[in-house]
Amino acid sequence: MNKRILFLVAVALASIVILSACATPTQAPPAPTTAPAAPQPAAFNWKMRQGEKLRVAMVTQPWTQFVDKEVSKFKELTGIDVTYEILPEDQFRQKTTVEFAAGTSDVDVFLSMVAQEGIKYESAGWYMDIEKLVNDPKITDPKFDFKDFTTSGLGIAKLSNGKLIGLPVYNEFGALMYNKELFDKAGVKYPPKTIEEIEAAAKAIHKPSEGVYGFVGRGAGAASTSQFSSLMRSFGADWTDASGKAAVNSDKFLAAVKWYGNLHKQYGAPGATSFSWQQGQDLFINGKAGMWMDASVFFANVVDPKQSKIVDKAGITMAPGGPAGQTPYVGGWHLSIYEKTKHKEAAWLFVQWALGKEMVLKAQMNNITTSRVSAWESEEYKKANKYPEFGATFLQAMKVGNAQWNPPVLAVSEARDAIGAVIVKAIEGSDYTAEAAKANTKLQSLLDATPKLK
Amino acid sequence: MRATALTPRHHHSWRNRPLLKTIRTIAFYALLLLLFFPFFFVFAWMIMGAFKTQLQNTAIPPLFLFEPTLENFDTVFRRNPMIQFLLNSIIVGTGATLLALIFGLPAAYSIARFKQQRLATAILIARIMPGISYLVPWFILFSNLKMIGSYAALILAHLLVTLPMTIWLMIGFFEDTPQELHDAALIDGCNEWGVFEKIALPLTKPGIAASAILSFVFSWNNFLFSLILASQATRPLPVAVFSFISYTQIDWGGLNAAATIVTLPVLVMILFVQKQMVRGLTLGAVKG
């Protein structure tokens, strides 16, 4: 029976190990802070929440990595300890959604995208109203200068009910990037601005026998709808009509689909219906495509010598203008505060620090397309910027852009799947009108199932 | 009759021709290569990618000959505490495997011995349920116990993967041990625990080895549970691999280098224990 005893001892040991592991040091309760001092406009008290602990959940992207390097300075400035977590987009969404749904999350500050998950998060009550914090002089640095953010920039953090639930960390717009060398070779003028100019340029550049294509862009179903939204508005269409009914089979919407499909069919790369941004970028940075329609945020990759072969040949302009003008979509991530945070003031201090004028200018100098006009117009940035046309285009896009790059429904991915199928059919050259009718019915049912925001 | 008489001679003369024999051998290996090419290619491409720069990785057409760089491994180890992640994976994998054996072996023995089919089915159902459906309740539970991010939470969660597998593999092994041995032991004065310990366990060693290895591999590869329940400090390797995919950029070199580092230990382990594992698996599969 000796072995039996040994076995039991092993079990006992194992449970001790588990129990002791359970007892990992729990988070010390935040030290009680002194009552908020009377507002002193002269010197904002950054140390008002000294000793507290924040958990910040971020998505892997350039701005996140930029802040990661600076975050120790926040600890110095405020005495607030920060756990800074970074995960890729899909995994980040999985994790935060599970945590928030469980209701026991200790996330305080997180990145989000209203157009993607805004309705879901807001109807679940996960976003804190940022405007209230901005307007509270007791906890807001008088030098924060909220008015400095671009209008469209703030638009990406606003819900349809007008509530501001975050502040933009950077912005992007629906862009058309072009290869100046290929344009020169084909004898075409740039930048190409209208759908006619783009079609003509694509035709002149397109030489599939040499592996060079006139135009590349997204065609992989759901992945293509966001970029397509710029084009949709250039044709005067939108996801819904004025009364809020689904309108993705309107004549104008179908005209945009037809034009986009034809452009791919005639002057696109093979396999376009499987293209997301990676495939388009691969062809474009290898000098194999005349034009690439995608988010402006990728321009940083295009002009990075470590990644691109066309650094000196790249140009950028807004997504094509059509019969209804030129209205690129505007997107980006925004920093939000979890409604159930136990460290509201500390969280707001973090947001103010990360998106304050000083840090934003620094981010701008690190090739991040920030949302503060002061950063874009600073002498420092203007001097360093090698692509002046980019700055001008960006600010213009922020004036005319539209932040509704997704259909206004709760089940965004289902809607994107349905509408993406229409685009795929158009590129393939099959019956996209029937598919559009189907997509419209689907979108209407998703709209009906979407809760009205209060 | 004529055919059977002819064949051996024909066969004989055919075998004697060295040229044909060589062709046969070549054809055999060519076919083998063709069949295994897709499996090998994925690994080869991953390892090649780990030694390429970003420009080389996205080159059109793809590069097969290139000047290799070690830069990616440098980034992997500098950007991520890889050793820590590796350690995390080992701690969680070992813990989940050991606990699965401690609880799974007696459970499987009891199910096999006393024909507790319903219990077996219940355990299987627990495994068939999609893992994500456990996550919200687990998160609530573990966060109330202040266990989020602890190794214990990860090990307990991974038990959902390792325990049912161990039990189900071992049921077959225990059922295969001859009833006569049990009866003999009982007559000789052994109790049920003694039979389990002195007869059943030694007889099923290959099965135990196979379950342990598979448990470890499954725990090593588990992504979802680790993602949700780990903290930055207890993150195991697979979660770390994803840090090379960003919203606007995929660092192919870093991703491949990290993937190579994650795959290598398991690959080496499998090479060493594959005989044991295959024997264990086939033994369990064929019932006497």
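Modeller: Gladly! H8(A) and H10(A) are roughly parallel to each other, a label for angles under 35 degrees, with over 145 called roughly antiparallel, 65 to 115 roughly perpendicular and the rest oblique. Before going further, please keep in mind that this is a predicted model, where local features need pLDDT of at least 70, side-chain atom pairs count only at pLDDT 80 or more, and totals for chains, interfaces and linings use all residues. Residues are numbered from 1 along each chain as its sequence is written, while chains are lettered from A and ligands numbered from 1 in the order in which they are written.

Now to the pair itself. Helix H8 covers residues 195-205 of chain A and helix H10 covers residues 251-267 of chain A; their axes come within 10 Å and cross at roughly 15°. Axes here are lines fitted to C-alpha atoms, for helices over the stretch in contact, and angles run from 0 to 180 degrees between N-to-C directions. Helices (H or I, at least four residues) and strands (E, at least two) are DSSP runs, numbered from the N terminus. The crossing of H8(A) and H10(A) is left-handed, meaning that the near helix is turned anticlockwise from the far one by less than a right angle, whereas clockwise would be right-handed.

From H8(A), the contact is made by A:Ile195, A:Glu199, A:Ala202 and A:Lys203, and they meet A:Trp259, A:Leu263 and A:Tyr267 of H10(A). Two residues are in contact if their C-beta atoms, placed from the backbone, lie within 7 Å. By residue class, this contact holds five nonpolar, no polar and two charged residues. Ala, Val, Leu, Ile, Met, Phe, Trp, Tyr, Cys and Pro count as nonpolar, Asp, Glu, Lys and Arg as charged, and the others, Gly among them, as polar.

Just ahead in the chain there is a detail to look at. A:Pro191 is found in the loop between helix H7 (180-186) and H8 of chain A, and the peptide bond from A:Tyr190 to A:Pro191 is cis, with omega near 0°.

Stepping back, chain A is divided into domain 1 (50-171 + 332-400) and domain 2 (172-329 + 407-448), with bounds that come from an automatic or database domain assignment. The C-alpha centres of these two domains of chain A lie 28 Å apart. Their contact takes 16 residues from domain 1 and 17 residues from domain 2 of chain A. On the domain 1 side, helix H4 (114-123) and helix H17 (388-400) of chain A are the elements that give two or more residues. H17(A) gives the most to that side, with six residues.

One loop elsewhere in chain A is also worth a look. A:Asn367 lies between helix H14 (357-365) and helix H15 (373-376) of chain A, and has a positive phi of about 65° although it is not a glycine. With 14 C-beta neighbours inside 10 Å, A:Asn367 counts as partly exposed; a residue is buried if 20 or more other C-beta atoms lie within 10 Å of its own, exposed if 12 or fewer, and partly exposed in between, with C-beta atoms placed from the backbone.

Finally, the partner chain. The contact between the chains takes 38 residues from chain A and 33 residues from chain B. Chain B has 14 helices and zero strands.
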